[in-house]
Amino acid sequence: MRRHVATGAAVGIGLTAALASLAYLGWQFADLPFFPFDIFDALTRALPGAVATVAIDTMVRAAGVLPFGTAATAKVFEQVLALGLVLAGGGICGALLFALLAASGEPPLFPGVVLGATLGGAVVALEQQMNRLTSPGAVSSAVWLCTTWAAWGAALGWVAGRPEARAFSHRTAPGDGPPAGGTRRRFLGRLGSALAGMTAFGTVVGALAGRRQSRPDGVYWSATHPLPNAGVVPTPVSGTRPELTAVAHHYRVDATTRPPALSGERWRLRVSGLVERPVEMTLAELRGREARHQFVTLECISNPVGGDLISTTRWTGVSLRDLLPDWRPAASASHLKVIAADGFFEVVATGDVVRDPRVMLAYAWDGEALPVEHGFPLRLFVPDRYGMKQPKWIVAIEAIDRWEAGYWVARGWDAEGRVRPTATVDTIAADAGYVDAAGRRVTPVGGIAHAAGGVSRVEVQVDGREWQPAALRPPLAETAWVLWRLDVPLAPGDHTVAARAYAADGAFQDRAPHTKRVRV
Ligand SMILES: Nc1nc2c(c(=O)[nH]1)N[C@H]1C(S)=C(S)[C@@H](COP(=O)(O)O)O[C@H]1N2
Ligand SMILES: [Mo]
């Protein structure tokens, strides 16, 4: 009997893997919901803020150990976890259904279908709640989910009812004992191979199709234009990260496992609330307004000092201040609630928008439409704030008469999200050492520094001695990080170099300085 339930769990896992690969195909080819990630997202959203925060910090720390970049690694962790949870759920269903058969002796095809259809219905409700039934259409998505899940349940029930799958004797069916071990093993082996084949097929075809559909790299603005600070001194030390991050390498952090896929044609920015003229703007209308270009360094509040959850590119969009008069906000409209397709939202003070033309709705990065993962078609830029204050995938703006805690603020994160000064040692270029005018052997050291309001000073410390000011490279913009360098005398041997930053508003780095070790 125990062996029978274990068989049920294994069959459940196998069938669920096949179902997930089918869903993956549906996602890649027809934009249908991919339930494994969506179930996981619903769970994380329901989680208390403190638990989510601990999970993120753990993931960022664990991912930092691996060499693939924190954001990418954390996303893969998350996706593997999501799939693992769904497979575990499938295993439990399989075990239950097999146990049911053993207890009742009834062929469980019908209970299997009922189980599958019920779970399918629950998934539809969850997808609906997560706002993920929108593409390609709520009805077709719902039908797809219910049908595939019912088929999964039917398959599970059918296998459970097969005499060859049984590993128990049922007392109500004396002649119907367990099959010889060989028959059973052959049957389960064939079933396992079939399911593994289906899963592999779905995964490989889906992945290849997905790659085919991904947007080819366009001609980025930076490919044909020099940067505004090209040629200025000091030049970056070789090994310092690029001053402009390639869009493909821009860090990425989402509250969800897969980004919402919004159609550029059907998408509208819905403006409502305390405005005299509620409007719906198309992407073309936004692109037709006077464009604002701004070099922006975006940083995640979860970025550890010296981490890679920070990137810089050239944002293009419309100053939110230019749009406000069209909407005629009421005098009481003290705040704008910016709402995203994935349920994320943030609130900005209308006063800040009016005062600061840099607050913008951005539709392009480095001259190309925003990539799906980075918020297509529209995202918000608010200077001096961490990424958590800047929604991607904006679908609506609601004028309201009070401040409201945003998505992460409601989960216990810093309400202001103002970027704290930090400096990173990117490189100690031991192989670029040279003998300076004073005849000393010096080694160039360089990196980045970032702070709300701009960086005014970076200091470098070698082997715990006094802090010395580094040379700052004029940044791409006051909203971008600063590259710094200092050529320091380093005798042959082991050395530790630390760096710390000061903001233009006088704030100094209150977090432990980033350090790097080198052997010269
Ligand atoms: N809609 C939406 N916007 C979002 C998020 C999100 O999960 N959903 N994450 C925020 C966080 S925490 C960060 S750090 C930035 C990251 O933007 P990027 O992924 O384009 O680098 O997006 C912000 N905007
Ligand atoms: Mo973030």
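How do the axes of helix α4 (residues 70-104) and helix α5 (residues 109-129) cross, and within what distance do they come?

## Packing of α4 and α5

In this predicted model, the axes of α4 and α5 cross at roughly 155° and come within 11 Å; axes are lines fitted to C-alpha atoms, for helices over the stretch in contact, with angles from 0 to 180 degrees between N-to-C directions. Helix α4 is therefore roughly antiparallel to α5, a term applied to angles over 145 degrees. The crossing of the two helices is right-handed, the near helix being turned clockwise from the far one by less than a right angle.

From α4, the residues Cys93, Leu97 and Leu100 meet Pro111, Gly112, Leu115 and Leu119 of α5, contact being defined as heavy atoms within 4.5 Å. Six of the residues in the contact of α4 with α5 are nonpolar, one is polar and none is charged; in this scheme Gly counts among the polar residues.

## Ala150 in α6

Ala150 belongs to helix α6 (residues 138-161). With a relative accessible area of 19%, Ala150 is buried (under 20% relative accessible area, with a 1.4 Å probe and protein chains only). Apart from neighbours within four places in sequence, Ala150 is in contact with Val113, Gly116 and Ala117. Val395 is 245 residues from Ala150 along the chain, and their C-alpha atoms are 34 Å apart.

## Strand β4 and its partners

Strand β4 (residues 310-319) is mostly covered, with 10 of its 10 residues buried. Strand β3 (residues 292-299) runs antiparallel to β4 and is joined to it by eight bridges; strands pair if DSSP finds at least two bridges between them. Phe295 stands opposite Arg314 of β4.

Strand β7 (residues 360-365) is likewise antiparallel to β4, with five bridges joining the two. Here Ser319 has Met360 in β7 as its bridge partner.

## The chain as a whole

The chain contains 11 helices and 19 strands, taken as DSSP runs (H or I, at least four residues, for helices; E, at least two, for strands) and numbered from the N terminus. Of its 520 residues, 49% count as buried. The C-alpha trace spans about 100 × 70 × 40 Å along its principal axes. Among contacts in the chain with a separation of 6 or more, 73% are between residues 24 or more positions apart.

## Basis of the values

Residues are numbered from 1 along each chain as its sequence is written, and chains are lettered from A and ligands numbered from 1 in the order in which they are written. Local features need pLDDT of at least 70 and side-chain atom pairs count only at pLDDT 80 or more, while totals for chains, interfaces and linings use all residues, and side-chain values use heavy atoms, leaving out hydrogens and water.

Note on methods. Parallel < 35°, antiparallel > 145°, perpendicular 65-115°, else oblique. Buried < 20%, exposed > 50% of the residue type's maximum accessible area, 1.4 Å probe, protein only.
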